[in-house]
Amino acid sequence: MAKNFIANVKSVLSGDTLILTSTNNPTLERTFSLAYVSAPRLSKDGDEPFAFESREFLRNLAVGKPIKCNVLYTIPGSGREYGVASLQDGTELPDAAIKAGWLKVREDAGRKEDSEELLERLDKLRALETQAKNEGKGLHVGTGGIIEVQNDLGGPEFLNQWKGKTVDGIVERVITGDRLLVRLLLTEKKHWQVMTLIAGIRTPSTERVTQGQTQPAEEYGNEAKAFVETRLLQRAVKVKIVGASPQGQLVAAIIHPRGNIAEFLLQDGFARCNDFHSTFLGSDMAALRAAEKKAQSSRLRLHKHHVAKSSDTKDLEVTVTKIIGADTIIVRNKTGEEKRIGLSSIRGPRAGEPSEAPFRDEAKEFLRKKLIGKHVRVTVDGSKPATEGFEARDVATVTQNGKNVGLQLVQEGYATVIRHRKDDTDRAGNYDELLAAQETAKEEKKGIWSGKPPKVKQYVDMSESVQKAKIQLSTLSRQRKVPGIVDFCKSGSRFTVLIPREGAKLTLVLAGVRAPRSGRTPQEKGEPFGQEALDLANRRCNQRDCEIDVHDIDKVGGFIGDLYVNRESFAKILVEEGLASVHEYSAEKSGNAAELLAAQKRAKEARKGLWHDWDPSQDAQEEAEEAPIESAADASGTIDKKPTDYREIVVTNIDNAGKIKVQQVGASTVALTSLMNEFKKFHIDPKNSAGIKGDPKAGDYVAAKFTQDGEWYRARIRSNDRAAKVAEVVYVDYGNSEKQPWSKLRPLDQPQFSAQKLRPQAIDIQLSFVQLPTSPDYLADAVNFLYDATEGKELVGSFDFVDSKEGVSHITIFDPKNGTKDPNNSINRALILNGHAMVPRKLKAWERSKVFEPVLKSLREAESQAKAERLGMWEYGDVTED
């Protein structure tokens, strides 16, 4: 190169030495030192006094600028060039640095020089030095100038003090596009000069020599380094300290006046986002993801082969039908198609990990409570191909009521976040939020991060043997609506149910129905409609919270009873869909025959399922009871106008479960009185004393003599004990029941006394807006209260809703002496006011009608008063609190 040349200043080594690059080829570098002067030296072992300030003066003047250099001499051997220089603004070097007091003129300068011009220049430089000394500038201040430099972070105290803070720094060296040597100007007397990773990104590696072997640069590695050097090398920057790498290197955002260098590297395709830094950056990671996405869409450099994800995927509205594990669910769309979905970017507790395995059941239960049977929104993020042991499935972000389910699992410590490959785009859209949530869960020691296994809920299989079943039966049969969880559907009418509060697992067989068997394997053929019944059970019951009423056990330890899901009898649903038939003996014994037979009648008439080819003429079953009065509204709808259907009634029976039977006073009771008079005369006649022939069947109408008064009444057989030859009969005009030997029963085949002549007068009613307690003691108190309030009285019933489907009327009962239309004087309210009942927490559609709002308000006030006074079921506090 010529003696005089123009170059660009790349960096400054000290107050008297610069690194220059060619204006035509930035990769060509040369070292240029200012002649006849010396500056204090910067060293890893310790800087000389004022070395940093001297270097800073020259750095601030020259770095990144073009400079005109005049080489005065060259040192033989090393080739180091010495001379003078000038900047475009006219600043002369070393003159300006000497004048500012940051350089000294060497004592031996000019001893061997004969040039008058050079000697004059030296005299000028010495004069400038003398002036600086006299003014006490720079190096000539006399004391100080010592700055301690630490070359590592030290201990955790550094991050404890500085994490999250933004400090001043100078980039001393660029190692790679994402790795810098930065001098942190934390205090006036002490600096830290440490290796720093640019937060949030990773760039390709540069060429390097290791043990004499040259490792070639990765594609775009050298270009990424040059990109950073031209913008940051020896520039003053802001350093936002966010953390440290596992190797103890500082992780920080490097911000120059135009912005975060990481964003520029990303949007130009020189870097990829570094997921491991996401937790350091938090919400700041979003800007980096956006910059990377911009480069990907333009297919710049590292992303030149990028394949964009399909944008035609739509959010799906589906229902969760099964929880496979803490990270996998099965959903069903509106057409009934089921699909297996994995939650994006998270993994549930692994069986092979000792610290995670104990949480598998707890995590699955957490997800079950959140999702089973619920409507969710699914956003498909990608798909996972089938691998050994795993079938292919979509991965998706699942939200329920606007809340991200995967995020909730991570927040509670029930799932870990997957570390994706750099080119894996099948990830959650809120991936950075998941990583941040995982760090928070770790800090709060939640779930798998707690370090201690949870208490595992153990369930004893009470259906394992008949002996175990008998023990549990005595407990369960005394309770109503026992809460449980349907763990498995064995068939349409057979389930495995967990009872958490009892620590019991049992097989529940639906009372009163028989469902066809399904095949035990996909290859095995079951009975017709067996698979459909099982599918319905899985859709409506599997993994759902439920309630059960247990009546008896079968020969192999199965518990016979009723299953309620969302307060609805599943046996009735099964029958109504034509996927089960009513077993009258069992139905009568369990007390739900009327409901099931009504459901079966509807299924037959609709030709559903088992009854698809039903012929009414071949049906031997004759319905004896007339359909109840039609309601003004369907059970699933609301009522627009307040009912004004008031009828005189008498309560004829209240059983131990609180079920009420009433008679309507009027023409029917007159007809009943007339019939009973004839009935009494008929059975007094010895000619009519013949007993029934053969063995009676459940559902048969008979004449029975009531034990307490010795009178004959119309009755119907509910169940039979064939060994003892005893039948449980229900007196159809009054609703009470008792057991009678077969020998004391008489046939009811006389047309003048038949149910067709006069329908049974006892009708089922339920008190509107009232829920009786489940505790046997409090239930008994409620029944006694009702007896006292209704026995022997003619009352008025407001028929609020007549449910023709269920065969039950919902009424409000008034004592005429207290007024007939004021809800505040009803027996319903009195029952609640005295703490013998409560307002249902889950109201049916008709109960939520606007016309009933004043009634509900009054009843809730009564409930609150009973709670406050600790009456009845509230004597130990609020039983509804969880």
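I'm using "buried" for under 20% relative accessible area, "exposed" for over 50% and "partly exposed" for in between, with a 1.4 Å probe and protein chains only.

**Ground rules.** I'm working on a predicted model, where local features need pLDDT of at least 70, side-chain atom pairs count only at pLDDT 80 or more, and totals for chains, interfaces and linings use all residues. Residues are numbered from 1 along each chain as its sequence is written, and side-chain values use heavy atoms, with hydrogens and water left out.

**Overall shape.** I looked up the radius of gyration and got 45 Å for the protein chain, against the 29 Å or near it that a compact globule of 882 residues would have. That radius is taken over C-alpha atoms, and the globule rule is 2.2 Å times the number of residues to the power 0.38. Along the principal axes, the C-alpha atoms fill a box of roughly 160 × 65 × 50 Å.

**Make-up.** I find 20 helices and 46 strands in the protein chain. These are DSSP runs (helices are H or I with at least four residues, strands E with at least two), numbered from the N terminus. Of the 882 residues, 48% are buried.

**Contacts.** I took contact as heavy atoms within 4.5 Å. Among contacts with a separation of 6 or more, 63% join residues 24 or more positions apart.

**Surface and charge.** The accessible surface comes to about 45300 Å², and carbon and sulfur atoms hold 48% of that; the method is Shrake-Rupley with a 1.4 Å probe. I get 131 positive and 127 negative side chains, with the centres of the two sets 1 Å apart. Lys and Arg count as positive and Asp and Glu as negative, leaving out His and the chain ends; each charge is placed at NZ of Lys, CZ of Arg, CG of Asp or CD of Glu.

**Cysteines.** How many disulfides does the structure hold? I find zero, taking a disulfide as a pair of cysteine sulfur atoms within 2.5 Å. Cys489 is in no disulfide, and its nearest cysteine sulfur is that of Cys541, 5.6 Å away. Cys489 is buried at 3% relative accessibility, and Cys541 is buried at 0%.

**Lys322.** I then went to strand E20 (residues 316–325), where Lys322 sits. Lys322 is partly exposed, at 33% relative accessibility. Leaving aside neighbours within four places in sequence, Lys322 is in contact with Ile329, Ile330, Ile372, Asn542 and Gln543.
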